[in-house]
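Here are some notes for a colleague opening this entry for the first time. Please read them with the view open beside you.

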Amino acid sequence: MSSAGVIIPMEAFAPNEPPTFEQLMLPHLDAAYNLARWLLRDPHDAEDAVQEAFLRAHHAFDRFRGANGRAWLLTIVRNVCYSHLRQNRREPEAVAFEDEVHGSTHDPADANAVAWHEVKSALLREALERLPAEYREVIVLHEIEGLSYREVAGVAEIPIGTVMSRLARARGKLQTELLTLTGKGSPHEL
Amino acid sequence: MNCNDTRLLLEAYSDGELDLVRQLELEAHLRACPACALRAKGLATRREVLRDSVPRFAAPPQFREKIQALVRAEAAPATAAGARRPAISWPSFWNFGGAAASLAFVLFIGYTWGNTRARTNAWLDEAVSDHVRSLQAGHLMDVASTDRHTVKPWFAGKLDFSPPVFDLADAGFPLAGGRLERIDGTAAAALVFHRRLHAINLFVWPAADGSVPTHRGAENGFNAESWSQGGLNFLAVSEIPATELDQFAAEYRNRAN
């Protein structure tokens, strides 16, 4: 399921004409929706956020210079989602602190603590939804959308080193949640 | 490479994000160390399962059509837009009244600045607008840290110059963080300092396209002070009293010397 992005054949564009907003951005609608859906955890909020993001992206399109339309769009989606989360104050904001304090000395959880091949998709989803937004975000961008550390850093507006430590921490917490949900352990046992 | 080094690098390795040299070193260690090899295998399995089993939500077909219509309506010529624009229900949770008020406020400040100052000071308008926006949008910082050794490297790779970063906590202006802005069409660093409950935005950008004059101004409760130093332009904007902003600017100039 990892998608390495949508490849747009260059022949799709008329010669000598710059690609339109629709040609460049619409192929990334699913990526945009997926990120919003994971961040906001609600299908209607996700649609509202993606619509707002497309409007913002359209208005800012003349400033789009990069080659990576997907990362650019996802950055806007992310910002819209965070505004929404902040307004609704549903999220704890402790993650940045953890990155700073423990990022460099973090010892990753042993992935063998979970029998991964037995984990059902629905359980994985429930565990992921329990993580703070900043953790859901890096997992969704890296594991589902297949973004590189560098691309995740661009979208989430954090340094690459933070992407690495946050991703490790997020996957560790996901494991903890999975073990808790299956009743096989508490966070202390990891 | 020992087991400790390996553990820290294993996740990046399983993500395929290690540089070649470290990857080869790590693989040599894995061949010699069964414990680390077992860890690596666990990570690889986890990664595989995460990639395959975390659901990816696809945009519902009706929503796709709506966005497509929206994009096409936006792309249509202005004259036709009114007639062809489909009925769009604006999301309820985006407080458009608030956004409009903010925009009006920013425009108002920009306008008054523009009228009282020379038209050429477009960057001043921008900086004041940025300052106001940073307070209202809750987007004061991209990197939140009181440590200049964290803030300064954060800008590396994002800007083609290196802004001098100092923590003026001992002078009563603790460093709070930084973010990226655009001033006068170029990328600028915005350093954020605190003064009691107020924020000071210090914009820094290269003076390549012209140095800003040394200037002090006050409009609508916002004070601004600009100077040019070491090939960089500096502009501090805040709602704190002019005397305090002046003190801040003087401290900063001294340390940057």
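1. A word on terms first. Helices are DSSP runs of H or I with at least four residues, strands are runs of E with at least two, and both are numbered from the N terminus. On that basis chain A has 9 helices and 0 strands. Read from the N terminus, its elements run α-α-α-α-α-α-α-α-α. Keep in mind that this is a predicted model.

2. Next, the fold of chain A. Chain A has 190 residues, and 46% of them count as buried. Take the contacts in chain A with a separation of 6 or more: 70% of these come from residues 24 or more positions apart.

3. Now the core. Which residues have the most contacts inside the largest nonpolar core? They are Ala32(A), Ala36(A), Ala53(A) and Val77(A), in a core of 68 residues. Ala32(A) is worth a click. Leaving aside neighbours within four places in sequence, Ala32(A) touches Val50(A), Ala53(A), Leu73(A), Leu74(A) and Val77(A). As background, nonpolar side chains in soluble globular proteins tend to be buried together.

4. Then the meeting of the chains. Here 44 residues of chain A are in contact with 39 residues of chain B. On the chain A side, the elements that give two or more residues are helix H1 (21-25), helix H2 (29-40), helix H3 (43-59), helix H4 (69-88), helix H5 (95-102), helix H6 (121-129), H7 and helix H9 (160-181). Which element gives the most? H3(A) does, with 6 residues. By class, this side of chain A holds 19 nonpolar, 11 polar and 14 charged residues.

5. Look at one helix pair in chain A. Helix H7 (residues 133-144) and helix H8 (residues 149-156) of chain A pack at about 135 degrees, and their axes are 10 Å apart. Roughly antiparallel would take an angle over 145 degrees. H7(A) and H8(A) are therefore oblique to each other. Their crossing is right-handed. From H7(A), Glu137(A), Val138(A), Leu141(A) and His142(A) take part; from H8(A), the partners are Val152(A), Val155(A) and Ala156(A). This contact of H7(A) with H8(A) has 5 nonpolar, 1 polar and 1 charged residues.

6. Compare a pair in chain B. Helix H1 (residues 3-14) and helix H3 (residues 34-53) of chain B pack at an angle of about 20 degrees, with axes 10 Å apart. That angle makes H1(B) roughly parallel to H3(B). The crossing of H1(B) and H3(B) is right-handed. H1(B) brings Cys3(B), Thr6(B), Arg7(B), Leu10(B), Glu11(B), Tyr13(B) and Ser14(B) to the contact, while H3(B) brings Ala35(B), Cys36(B), Arg39(B), Ala40(B), Leu43(B), Ala44(B) and Arg47(B). Sorted by class, the residues where H1(B) meets H3(B) are 8 nonpolar, 2 polar and 4 charged.

7. Last, a single residue. Arg22(B) sits in helix H2 (residues 20-32) of chain B. Is Arg22(B) buried, exposed or partly exposed? It has 14 C-beta neighbours inside 10 Å, so Arg22(B) counts as partly exposed. Thr6(B) and Arg22(B) are 16 residues apart in sequence. From C-alpha to C-alpha, Thr6(B) and Arg22(B) are 9.7 Å apart in space.

Technical notes: Residues numbered from 1 in each chain as written. Chains lettered and ligands numbered in written order. Predicted model: local features only at pLDDT ≥ 70, side-chain atom pairs only at ≥ 80, totals over all residues. Axes fitted to C-alpha atoms, helices over the stretch in contact; angles between N-to-C directions. Parallel < 35°, antiparallel > 145°, perpendicular 65-115°, else oblique. Left-handed = near helix turned anticlockwise from the far one by under 90°. Contact = placed C-beta atoms within 7 Å. Nonpolar A, V, L, I, M, F, W, Y, C, P; charged D, E, K, R; others polar. Core = buried A, V, L, I, M, F, W, Y, C linked by C-beta atoms within 7 Å. Buried ≥ 20, exposed ≤ 12 C-beta atoms within 10 Å, placed from the backbone.
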